[in-house]
There are 2 protein chains.
Amino acid sequence: MSKDRFIFSLYIAQSAVKNHVIEELKRAGIKVTLAQSGVLFLLEEADGRKMKELSAGLRIDNSTITGLIDRLEKLKFVKRLPNPKDRRSIKIFLTPKGADESKKAKVVIKRINEAIRAEIPDQCGKSFIETLVRLTKKFS
Amino acid sequence: MSKDRFIFSLYIAQSAVKNHVIEELKRAGIKVTLAQSGVLFLLEEADGRKMKELSAGLRIDNSTITGLIDRLEKLKFVKRLPNPKDRRSIKIFLTPKGADESKKAKVVIKRINEAIRAEIPDQCGKSFIETLVRLTKKFS
DNA sequence: ACAATATTATTTGTATGCCAAATATTGATA
DNA sequence: TATCAATATTTGGCATACAAATAATATTGT
């Protein structure tokens with residue numbers, strides 16, 4: 001049926017997973033969205049990143065990051081601070097509240113990533129991720 | 001690095017493929033977008049479908065289809081016609097112009113689907129799609 | 001030093017996509 | 001038949017996402 005419809009199959013699988021994550025985050029009482037949690041995770045790893053570094057890390061457009069940070073700032077999860085070394089750029093910092101939210105979200109995301117791993121046959125488990133990475137490189 | 005980050009890997013692979021398709025459609029002078037082409041393909045297969053059938057076929061929300069059809073109708077690629085058998089619903093029909101656009105878009109999409117297939121190792125080619133389908137079922 | 005160029009973030013406009021609520025119509029049931 | 005539940009579509013609100021245009025600042029070439 002969908003034997004050769006890679007584009008569509010990839011779309012609906014990603015869509016199903018994404019909607020499931022959103023639902024589980026909500027169910028856990030988490031205020032940030034999936035995209036916003038991506039920002040928090042990057043900052044947890046290395047705080048004070050520039051907008052540019054965040055958009056590169058998440059593989060999304062600069063202008064999209066602006067909106068994500070706007071909403072995260074309104075929720076008091078991050079703060080924009082000027083970068084004295086380069087006044088074009090801005091550095092983003094986690095607030096304590098944001099760090100807390102990040103940890104909570106990470107629990108949910110991790111659980112779902114493990115549930116996904118469980119769905120992938122062992123022989124081709126590595127191959128699945130490798131294929132995704134190969135597609136990403138090929139079409140970027 | 002991204003060994004266990006299935007959600008993220010799936011997202012960026014889908015995103016890369018999607019953006020590549022959009023670019024190629026544009027490059028071929030095609031006016032419809034990827035999502036809109038999905039509607040055209042369904043109608044090419046069976047014209048006069050109801051909104052509900054389209055949203056089910058594309059696995060997207062009802063309200064999203066309304067917008068897609070709005071734009072396709074503005075471009076004169078489809079027409080809304082009343083359904084005498086059930087006046088709650090509406091049937092969507094391809095115009096000749098829409099049928100033409102559909103064929104053009106299909107050439108591009110088919111080419112990219114084949115390029116994707118070429119990126120998947122032979123042993124796990126079937127398994128890749130099967131995994132996507134399994135994930136879709138599990139999380140829907 | 002200065003002009004041309006590049007980089008960083010934002011703004012605006014358009015397109016998805018979801019959800020919840022509103023509307024219209026149909027079907028079922030008391 | 002009157003009412004209530006189910007179904008189909010639309011509307012409005014919000015959150016991504018990209019592209020193009022803009023403003024501010026840095027860098028580079030001469």
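**Around the DNA**

Guide: DNA strand D is surrounded by 26 residues, and the closest are D61(A), S63(A), K52(B), S63(B) and S89(B). A residue counts as near a strand if its C-beta atom, placed from the backbone, lies within 6 Å of that strand. The model is predicted: local features need pLDDT of at least 70, side-chain atom pairs count only at pLDDT 80 or more, and totals for chains, interfaces and linings use all residues. Residues are numbered from 1 along each chain as its sequence is written, while chains are lettered from A and ligands numbered from 1 in the order in which they are written.

Both protein chains take part in the surface near DNA strand D. By class, the surface holds six nonpolar, eleven polar and nine charged residues. (Ala, Val, Leu, Ile, Met, Phe, Trp, Tyr, Cys and Pro count as nonpolar, Asp, Glu, Lys and Arg as charged, and the others, Gly among them, as polar.)

DNA strand C is also surrounded by 26 residues, the closest being K52(A), S63(A), S89(A), D61(B) and S63(B). Here chain A gives two or more residues from each of α1 (6–27), α3 (51–58) and α4, and chain B from each of α2 and α4. The most comes from α4(B), which gives five residues. The surface near DNA strand C divides into six nonpolar, eleven polar and nine charged residues.

Now the packing of α4(A). The axes of α2(A) and α4(A) are 10 Å apart, at an angle of about 85°. This makes the two helices, α2(A) and α4(A), roughly perpendicular, a word used for angles of 65 to 115 degrees; under 35 counts as roughly parallel, over 145 as roughly antiparallel and the rest as oblique. Axes are lines fitted to C-alpha atoms, for helices over the stretch in contact, and angles run from 0 to 180 degrees between N-to-C directions. A35(A), Q36(A) and V39(A) of α2(A) meet L68(A), R71(A) and L72(A) of α4(A); contact requires C-beta atoms, placed from the backbone, to lie within 7 Å. Four of these contact residues are nonpolar, one is polar and one is charged.

The axis of α4(A) also comes within 9 Å of that of α3(A), and the two cross at roughly 110°. That, too, makes α3(A) roughly perpendicular to α4(A). From α3(A) the contact uses M51(A), K52(A), L54(A) and S55(A), and from α4(A) it uses N62(A), I65(A) and I69(A). This contact has four nonpolar, two polar and one charged residues.

The strands can be followed in chain B. Three of them form an open antiparallel sheet in the order β1-β3-β2, where pairing takes at least two DSSP bridges between two strands. The edge strands, β1 (49–50) and β2 (78–82) of chain B, each pair on one side only. Two bridges link β1(B) with β3 (90–94) of chain B: K50(B) has K91(B) as its bridge partner, and R49(B) has I92(B). Between β2(B) and β3(B) there are five bridges, and K79(B) stands opposite F93(B). Helix α2 of chain B lies across β1, β2 and β3 of chain B, at about 90° to β3(B).

Finally, the two chains together. In chain A, 39 residues are in contact with 39 residues of chain B. The elements of chain A that give two or more residues to this side are α1, α5 (96–119) and α6 (125–138). The largest share, 13 residues, comes from α1(A). This side of chain A divides into 21 nonpolar, ten polar and eight charged residues.

Definitions and conventions: Helices (H or I, at least four residues) and strands (E, at least two) are DSSP runs, numbered from the N terminus. Two residues are in contact if their C-beta atoms, placed from the backbone, lie within 7 Å.
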